[in-house]
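Reader: I'm just starting out with protein structures. Could you take me through the place where the two chains meet, slowly and in plain words?

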There are 2 protein chains.
Amino acid sequence: MSGLRARQKADRHRRIIEAAAELFRDAGYEGAKIETIAAQAEVSVGTIYNYYQNKGDILGAIVSMEVNEVLNAGQGVVANPPANVGDALDTLLGIYIEHSLHYLSKEMWRQAMAISTQLPDSAFGQAYTALDRALTEQIRALIARLQAIGLVRRDIDGQALGELVFNNMNMMFIEFVKRDKARIAELRAAIRRQNRILVAAIGV
Amino acid sequence: MSGLRARQKADRHRRIIEAAAELFRDAGYEGAKIETIAAQAEVSVGTIYNYYQNKGDILGAIVSMEVNEVLNAGQGVVANPPANVGDALDTLLGIYIEHSLHYLSKEMWRQAMAISTQLPDSAFGQAYTALDRALTEQIRALIARLQAIGLVRRDIDGQALGELVFNNMNMMFIEFVKRDKARIAELRAAIRRQNRILVAAIGV
DNA sequence: TTCTAAAATTGAGTCAATTCTGTTTTTATG
DNA sequence: CATAAAAACAGAATTGACTCAATTTTAGAA
């Protein structure tokens, strides 16, 4: 079953994603018509719906690539964190934030977030929630690491703290993508300021 | 200019909101067709669009009523908070959460949140952001009150703390409305657990 | 009362996502 | 090779939010 059909399938998947990514960037998510994506990918409209359940799922595939890359980059920090709680958190969250606009425009993020809330049970909705959980888990792992090193008090509830840090960052990120004018540097500074309260509380 | 025309206008507004609220609840947001809302409100489709810019704005009007009610209820807690930081936060956030499903179903919340992210510059998007800010401000006011009473350390950055608490609650609430099965009691317990870290850090 | 400009209403028409159904291509089998 | 079943494709048809030009209603002046 890995003959012609499978190859064509993979190729069509790729063509659709590439066409969509380009059009989403150029014309925006709403501006990119399925018909246009289909034309550019050289498939029919029906075929796109054979590959993806809806327009959102196409965007979802692009978002997944982005977040997985970020998760990968984050592993390095968890394995070898800066020797200071504040910097450790700032470095990990900094990686998330700095990577975030690499493939996705703010408008694409807005759409992706909206869809994941609107249709939490859709393929993309579930994938997005899983990605959020993976990020939370990575922050929790960093905290556990800092506890092991002795930089964070052992009696701190690492799970709760990880959720708190992720939730705050994520909410700040949502507000960030909602305002086209907002700058990355401001976002990071605001999050650092908020985390300072936590850092003071959990340091040994 | 407060004659017949103004009265009819107010009456049509009310009829549209009432019809929409009922249909959103019964058929869901997507399931409620503008045509049906118009029929039930005894106006034409065009008239609805004369009163509201789009379907989301109709939902927006309902959400605003809900949140304003919650803000009102919260004032009492800020004016007269429980004599204990953990309880004070829990009481205020508890009011928000317990009221939240009074007029709005989870599905309606999901749609409202999605629209506010998707179209942050629309009438509703801006109103929603303002409501979020008002809630954050109320939490900040509670913290300031607790500082004044002497329950919270004066050197704590009240603004940053307020944002942290609100962002975390809001994110948890988003996850809550995304899962139809999630119970209010569980949500409150999870938030209490997260806030415990903060409470330990900021108490005198 | 009658008339007129402004305001509001109407519903048929437009547009784009999604669905549906008949056709074509691929694979597996004899 | 021939062929039948399965998988995938195509694009016309449907659906529902939203627009707009024509019509109706209202407020106030004469």
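Author: Happy to! Two residues are in contact if their C-beta atoms, placed from the backbone, lie within 7 Å. This is a predicted model, in which local features need pLDDT of at least 70, side-chain atom pairs count only at pLDDT 80 or more, and totals for chains, interfaces and linings use all residues. Residues are numbered from 1 along each chain as its sequence is written, while chains are lettered from A and ligands numbered from 1 in the order in which they are written.

With that rule for contact, A:Ala20 touches A:Ala32, A:Ile37 and A:Ile58, leaving aside residues up to four places away in sequence.

Now to the meeting place. The contact takes 26 residues from chain A and 26 residues from chain B. On the side of chain A that touches chain B, α6 (106-118), α8 (158-178) and α9 (184-202) each supply at least two residues; helices here are DSSP runs (H or I, at least four residues), numbered from the N terminus. The largest share of that side, 11 residues, comes from α8(A).

How are the two chains related? Chain A is superposed on chain B by a rotation of 179° with 0.0 Å of shift along its axis (RMSD 0.1 Å), using least squares on the C-alpha atoms of residues with pLDDT of at least 70 in both. That is the relation of a two-fold axis. In chain A, the C-alpha of A:Ala114 is the one nearest the axis, 2.1 Å from it. Both copies use the same surface, since 100% of the contact residues of chain A recur in chain B.
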